[in-house]
Amino acid sequence: MAVTVRPLTEAVGVEILGVDLTAMSEAEFAAVERAWHEHSVILLRGQRLGDDDLLAFSRRFGELDPPPNQERGRISPPGYPEVYVVSNVLDGNGDPIGALGAGEAVWHTDMSYLDAPPDASMLYALEIPPSGGNTWFCGMQAACDALPADLRRRLGNRRVKHDGTYNSGGYLRKGVTPTDDPFAAPGAWHPAILRHPANGRPTLYLGRRRNSYIEGLSRADSDALLEALWAHCTQPQFLYEHVWRLGDLVMWDNRSTMHRRDPFDGEARRIMHRTQIKGSGAPIAYAA
Ligand code: OGA
Ligand code: MN
């Protein structure tokens, strides 16, 4: 069966049809990788993957990164330290088997508080609630292309501080001192506008709103510019809302997208297994 690619929205994402991820030829993989480079989010439905299959597919893109430090540290299935569990389900001791609970996960891109964040992350849906828990993606290349001139001018070639204190569920990362001061917070500095190393196009790189700060501005001016940038990026024309089905695999580019998750009923079960592809290096400025 031939590989077909169907746009999910104009701004971001494609669905790839006709591929079984457990039996993918080199030519099929090349088509999948090309679609990911061009469209930043890829969706493959109806997959049947064990953790070994998930890892084998992930490794075709390169070396893997360890999971992020979340509210309860790093939680992985036994024997699979590279797999990160996103789940609200409780184990026999009443402890969550994964991260992020059942609440909203606010807009973010993964692990941008590191100097070299993972290029990509992917989620594979093992259990999904009857409603809620949709994952939204924001196309940051489209948002960057449409950036109003005054915002572009105010941003210049500045860098942004990305916070490492809280995760997108609002939880404090394990072992980190709580703070709302971006200067005191652990984190990393990255250019606000990156050059995507694979497609060469500019992309806005904002990370998370909380404890974010734009270099060289007063705190008030930084907050005002951040509010304007976030309001611009999260407009509907840049978004794709993913409604999960069992067996969905969604992979996204952390450099050129942001994502968030809707809350869902905490009594329902949601289990996702995630991997993260190691960064090809620190993000590079578009206008270096
Ligand atoms: C993630 C994440 C959202 C979701 O795994 O990085 O943000 O929908 N997950 O579970
Ligand atoms: Mn995430």
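1. Arginine 59 is partly exposed, with a relative accessible area of 44% (buried is under 20%, exposed over 50%, and partly exposed in between, using a 1.4 Å probe and protein chains only). Glutamate 82, at 24%, is likewise partly exposed. The two residues form a salt bridge whose closest N and O atoms are 2.6 Å apart (a side-chain nitrogen of Lys or Arg within 4 Å of a carboxyl oxygen of Asp or Glu). This pair links distant parts of the chain, 23 residues apart: arginine 59 is in helix H2, and glutamate 82 is in the loop between H2 and S4. Helices (H or I, at least four residues) and strands (E, at least two) are DSSP runs numbered from the N terminus.

2. On conventions, this is a predicted model in which local features need pLDDT of at least 70, side-chain atom pairs count only at pLDDT 80 or more, and totals for chains, interfaces and linings use all residues; side-chain values use heavy atoms, leaving out hydrogens and water. Residues are numbered from 1 along each chain as its sequence is written, while chains are lettered from A and ligands numbered from 1 in the order in which they are written.

3. The whole structure contains 18 salt bridges. One of them joins arginine 60 and glutamate 26 (3.2 Å, N to O). Here the partners are 34 residues apart, with glutamate 26 in helix H1 (residues 26-39) and arginine 60 in the loop between helix H2 (51-59) and S4. Glutamate 26 is exposed at 58% relative accessibility, and arginine 60 is partly exposed at 28%.

4. Histidine 108 lies in strand S6 (residues 105-108) and histidine 259 in strand S16 (residues 257-261), so the pair ties together parts 151 residues apart in sequence. Both histidine 108 and histidine 259 are buried.

5. Strand S17 (residues 271-277) has 7 of its 7 residues buried. Ile271, His273, Thr275 and Ile277 point one way, and Met272, Arg274 and Gln276 the other. S17 pairs in the antiparallel sense with strand S4 (residues 84-87) over 4 bridges and with strand S7 (residues 120-127) over 7 bridges; pairing requires at least two bridges found by DSSP. Valine 85 stands opposite histidine 273, and leucine 123 has arginine 274 as its bridge partner.
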